[in-house]
Amino acid sequence: MDEEKLEKEPVSEAIIKIDLDSLALVEKSKKDSLNLALESIKQQLLDSILASQKKIQYPNNDNSILYPFFKKLENAKTKKVRIMHYGDSQIEADRISSRIREKLQKEFGGSGAGAFSVVPATRKLAVKTEYSSNWERKTGFGSSLDTSIKHKNYGALFSFSKYFSDSLTSSGEITVFKPKNASKNAREFQQLNIYYTNIDSTLLKINMASDVYKQSLKISENIEKISLDFDHTPNKLTLEFIGSSSPLIYGLSTEGKKGVVVDNIPMRGASGTEFSKVNYVGINQMHQHLKPSLIILEFGGNTIPYMKSKERCERYGNWFKKQIQKLQKINPEALFIVIGPGDMSTKKKTDLITYPLLPDVRDALRNAAFETNSCFWDMYLNMGGENSIQEWANESPALAAKDYIHFTRLGARKIADMFINDLMNDYSKYKKAKSDE
């Protein structure tokens with residue numbers, strides 16, 4: 001075939017099609033590879049964001065906010081560091097708080113169970129007491145609020161206890177035992193504190209082993225404090241208040257003279273907006289005795305079933321913000337961590353689903369925290385997010401109750417470990433930042 005004929009020979013359409021198809025396949029492969037790469041980058045970014053949201057979150061990402069508290073933990077071998085853990089029924093029976101207490105006391109020292117009521121709402125893991133039958137408890141929150149109480153002075157624990165006198169008895173007894181089921185450090189205490197107001201002549205008799213001590217309570221409408229110190233933890237001691245008119249006992253506390261103290265303050269049915277509803281002077285007086293370094297506020301669960309719109313969630317967040325501001329005014333040196341609600345399920349026809357506005361309540365609480373220069377920890381995300389409560393309830397052994405709201409004791413322990421691990425990781429970062437200076 002000569003050159004002229006070769007030049008005039010038409011190119012096969014099949015060859016052109018094959019070349020075009022090959023080119024298209026190459027282009028598609030490149031595009032698929034690029035899309036895969038972009039999806040991978042996108043997923044890594046989302047995973048990174050999610051991981052950061054599961055940690056303690058700081059306003060403006062400023063993790064130095066907790067440094068003053070971490071510095072106090074550093075010095076807890078010689079000084080007392082108090083953490084007050086307020087929450088709803090999710091923390092009843094010392095759940096979550098007891099694990100935080102156990103971990104921090106083991107790491108930084110400290111002893112005792114912290115503050116508790118004479119008549120508890122539920123038994124606490126780190127407290128063992130008995131009290132005479134004529135004691136009763138009055139609370140400043142929830143459905144059990146007694147309208148016959150004309151004042152709003154409920155102190156830092158939102159409750160007080162008093163005994164009834166009659167012709168046969170004019171005294172009330174409380175026996176405090178060394179708790180056998182508490183963690184090692186919480187079993188021990190070197191100090192018992194009593195917080196009270198007293199308007200009449202009252203004698204306090206203290207029976208411990210073979211020794212009996214007596215002292216008169218100060219007559220005062222202010223919340224006063226009596227501290228009883230011990231060289232070693234008594235196995236049992238009995239407090240007998242003797243007087244025709246009962247003093248109001250706002251709480252007792254067992255603690256060490258140094259190290260970490262963790263108060264468990266459960267408020268069943270509370271939304272966390274109750275701080276503005278009690279007497280400012282009373283809660284201020286008791287907080288001045290307690291001197292907390294860190295206040296944890298764990299609320300939101302009781303509001304979620306009643307939320308009907310995002311606007312209502314935002315209003316709740318604004319109310320909650322005012323509670324933090326009130327506590328900050330009382331405790332200008334204390335720092336705050338807000339813990340959002342865990343996952344909760346409701347029925348939709350025959351299916352269980354996460355409450356639709358739960359994330360909005362969570363966001364409102366986080367905004368309240370950030371707007372008050374406080375920290376936030378997302379329990380919902382740490383559980384696994386949407387519908388995770390069902391997975392926790394179906395674990396064996398179960399981590400959540402079949403009400404699909406509350407943790408079991410094991411679940412409370414697990415969520416507490418997640419929180420305390422994040423706190424200790426940030427403490428390690430503080431130590432590193434300090435060593436790099």
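User: Which strands form the open sheet with parallel pairing, and in what order?
Analyst: In this predicted model, 5 strands form that open sheet, in the order 13-1-14-15-18, and their pairing is parallel.

User: Which strands are at the edges there?
Analyst: Strand 13 (259–266) and strand 18 (375–377) are the edge strands, each pairing on one side only. From one strand to the next, the twist averages 20°.

User: How many bridges join strand 15 and strand 18?
Analyst: Strand 15 and strand 18 pair over 3 bridges, in the parallel sense. Within strand 18, Cys375 is the bridge partner of Ile337.

User: At what angle do helix 7 and helix 8 pack?
Analyst: Helix 7 and helix 8 pack at an angle of about 35°, and their axes are 8 Å apart. Their crossing is right-handed.

User: Which residues make that contact?
Analyst: Helix 7 contributes residues including Cys313, Tyr316, Gly317 and Phe320, while Val361, Ala364, Leu365 and Ala368 are among those from helix 8. By type, the residues of this contact divide into 9 nonpolar, 1 polar and 5 charged.

User: Changing topic: how many residues are in the largest nonpolar core?
Analyst: That core has 47 residues. Tyr86, Phe158, Phe275, Met286, Leu297, Phe299 and Phe320 have the most contacts inside it. Among the elements that give two or more residues to this core are strand 1 (80–87), helix 6 (280–290), strand 14 (294–298) and helix 8 (358–371). The largest share, 6 residues, comes from helix 7.

User: What is Tyr86 in contact with?
Analyst: Beyond its neighbours within four places in sequence, Tyr86 is in contact with several residues, including Ile91, Phe158, Phe275, His287, Leu297, Glu298 and Phe299.

User: Which strands form the antiparallel open sheet?
Analyst: That sheet has 5 strands in the order 3-6-11-8-9. Its edge strands are strand 3 (128–131) and strand 9 (211–216). The twist there averages 15° from one strand to the next.

User: How many bridges link strand 6 and strand 11?
Analyst: Strand 6 (residues 171–177) and strand 11 (residues 236–242) pair over 7 bridges, in the antiparallel sense. Thr175 has Thr238 of strand 11 as its bridge partner.

Terms used: Residues are numbered from 1 along each chain as its sequence is written. This is a predicted model: local features need pLDDT of at least 70, side-chain atom pairs count only at pLDDT 80 or more; totals for chains, interfaces and linings use all residues. Side-chain values use heavy atoms; hydrogens and water are left out. A nonpolar core is a set of buried Ala, Val, Leu, Ile, Met, Phe, Trp, Tyr and Cys residues joined through side-chain atoms within 4.5 Å. Buried means under 20% relative accessible area, exposed over 50%, partly exposed in between (1.4 Å probe, protein chains only). Helices (H or I, at least four residues) and strands (E, at least two) are DSSP runs, numbered from the N terminus. Contact means heavy atoms within 4.5 Å. Two strands pair if DSSP finds at least two bridges between them. Axes are lines fitted to C-alpha atoms, for helices over the stretch in contact, and angles run from 0 to 180 degrees between N-to-C directions. A crossing is left-handed if the near helix is turned anticlockwise from the far one by less than a right angle, and right-handed if clockwise. Ala, Val, Leu, Ile, Met, Phe, Trp, Tyr, Cys and Pro count as nonpolar, Asp, Glu, Lys and Arg as charged, and the others, Gly among them, as polar.
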